[in-house]
Amino acid sequence: MDTIDTGFVSHMFPRFSPSGDKIYCIAGSTTRPYCVIEVHVESKHVVIIKDTKHDEVDPGYISEPKAVTYPTEDNKVAHGYLYLPKNKDYAAPPGSLPPLLVKVHGGPTSSTLPNFDLNKQFFTSRGVAILDVNYRGSTGYGMHYRKELYGNWGKVDVEDCCNGALYVANSMKAADREKLCIDGGSAGGYTTLACLTQRNEVFKAGASMFGVSDVEALVKETHKFESRYIDSMIGPYPECKELYKERSPVNHVDKLNCPMIFFQGDEDKIVLPNQAEMMFNAVKEKGIPCCYVLYEGEQHGFRKSENIIATLEGEFCFFAKVFGYEPADIECKLNIENLESVQR
């Protein structure tokens with residue numbers, strides 16, 4: 001088999017030209033946004049046909065990912081990409097370690113790629129390290145790895161996210177053990193909430209964006225296309241009804257014990273706002289710092305640019321406030337409940 005080095009790290013939707021002498025695909029890089037490229041099979045020459053329009057980013061602010069493989073439960077391994085903080089204008093105090101944000105992809109059986117992502121660079125350029133986890137069940141590591149999630153959603157993904165955070169902090173000494181946080185949206189939000197209720201000793205803060213907190217409600221209410229999808233991830237319903245209840249973070253709100261911020265759309269029909277509200281109220285009643293941001297006119301996944309920006313800045317500000325440092329170059333507009341409990 002002949003290999004062509006395109007200079008990119010990921011290639012999606014490849015298509016041959018009618019003559020078969022060229023390949024077209026969407027290519028990703030660690031330092032530039034997605035491009036449409038043309039690859040000449042015989043000469044191996046690569047042409048960028050369409051580049052994503054964006055403001056040029058100085059390389060001095062770009063954190064490039066490092067692939068990491070780490071031990072997890074049952075003598076298995078999990079994978080991810082580690083982004084260390086990088087900003088050419090600033091250096092951390094000697095001997096200090098950065099906060100670490102564990103990011104959980106959605107799907108739940110999709111994957112994260114080491115492609116340039118301004119959302120991640122937003123955090124790393126402001127002093128926060130990121131571990132982008134491809135827990136067992138993620139696509140891209142072979143069929144056996146992919147099938148590890150069958151029947152185990154809410155279990156192996158939780159194990160791999162928690163063990164990944166501890167590996168970076170304890171084994172790699174690349175993050176502050178007392179400043180581990182986690183976030184995710186939708187299915188990634190589910191794993192985030194599951195981590196915070198099942199392994200509540202690992203993370204010190206969390207952010208859920210329209211996260212699934214009740215998988216029993218999800219399987220009852222989801223659209224027809226994915227109506228039987230969760231059967232493979234947890235088990236057939238209603239035969240496994242008790243397992244669905246056990247795996248639902250909404251049934252374990254009493255175990256939430258760290259600061260949390262929730263972002264939710266008021267028109268979300270997949271994860272109803274009352275699920276986020278119930279978890280927010282549980283944290284609030286415990287006197288733990290928390291925040292609930294409800295966007296008018298948003299559904300499952302935010303589409304308005306102003307809300308996407310507000311979510312990114314709001315999450316960063318929330319972590320900064322609960323960890324006790326001022327958020328760089330951003331005015332915090334959040335109404336954080338119980339914030340005084342960590343400022344005493």
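**Close-up views of strand pairing and helix packing**

**View 1. Antiparallel pairing of strand 1 with strand 2.** In this predicted model, strand 1 covers residues 10-16 and strand 2 covers residues 22-28, and five bridges link the two in the antiparallel sense. Opposite Phe16 stands Ile23 of strand 2. Five residues lie between strand 1 and strand 2, and the two strands form a hairpin. In the turn of this hairpin, Gly20 has a positive phi of about 80 degrees.

**View 2. Antiparallel pairing of strand 2 with strand 3.** Strand 3 comprises residues 35-40 and is joined to strand 2 by six bridges, the two running antiparallel. Tyr24 has Glu38 in strand 3 as its bridge partner. Strand 2 and strand 3 also form a hairpin, with six residues between them. In general, side chains of a regular strand alternate between the two faces of the sheet.

**View 3. Crossing of helix 3 and helix 4.** Helix 3 spans residues 156-171 and helix 4 spans residues 187-198; their axes come within 9 Å and cross at roughly 75 degrees. Because angles of 65 to 115 degrees count as roughly perpendicular, helix 3 and helix 4 are described as roughly perpendicular to each other.

**View 4. Residues in the contact between helix 3 and helix 4.** Helix 3 contributes Asp157, Val158, Cys161 and Cys162 to the contact. From helix 4, the contact involves Tyr190, Thr191, Ala194, Cys195 and Gln198. Classified by residue type, the contact of helix 3 with helix 4 contains six nonpolar, two polar and one charged residues.

Conventions:
Residues numbered from 1 in each chain as written. Predicted model: local features only at pLDDT ≥ 70, side-chain atom pairs only at ≥ 80, totals over all residues. Heavy atoms only, no water. Pairing = 2+ DSSP bridges. Helix = DSSP H or I, 4+ residues; strand = E, 2+ residues; numbered from the N terminus. Axes fitted to C-alpha atoms, helices over the stretch in contact; angles between N-to-C directions. Parallel < 35°, antiparallel > 145°, perpendicular 65-115°, else oblique. Contact = heavy atoms within 4.5 Å. Nonpolar A, V, L, I, M, F, W, Y, C, P; charged D, E, K, R; others polar.
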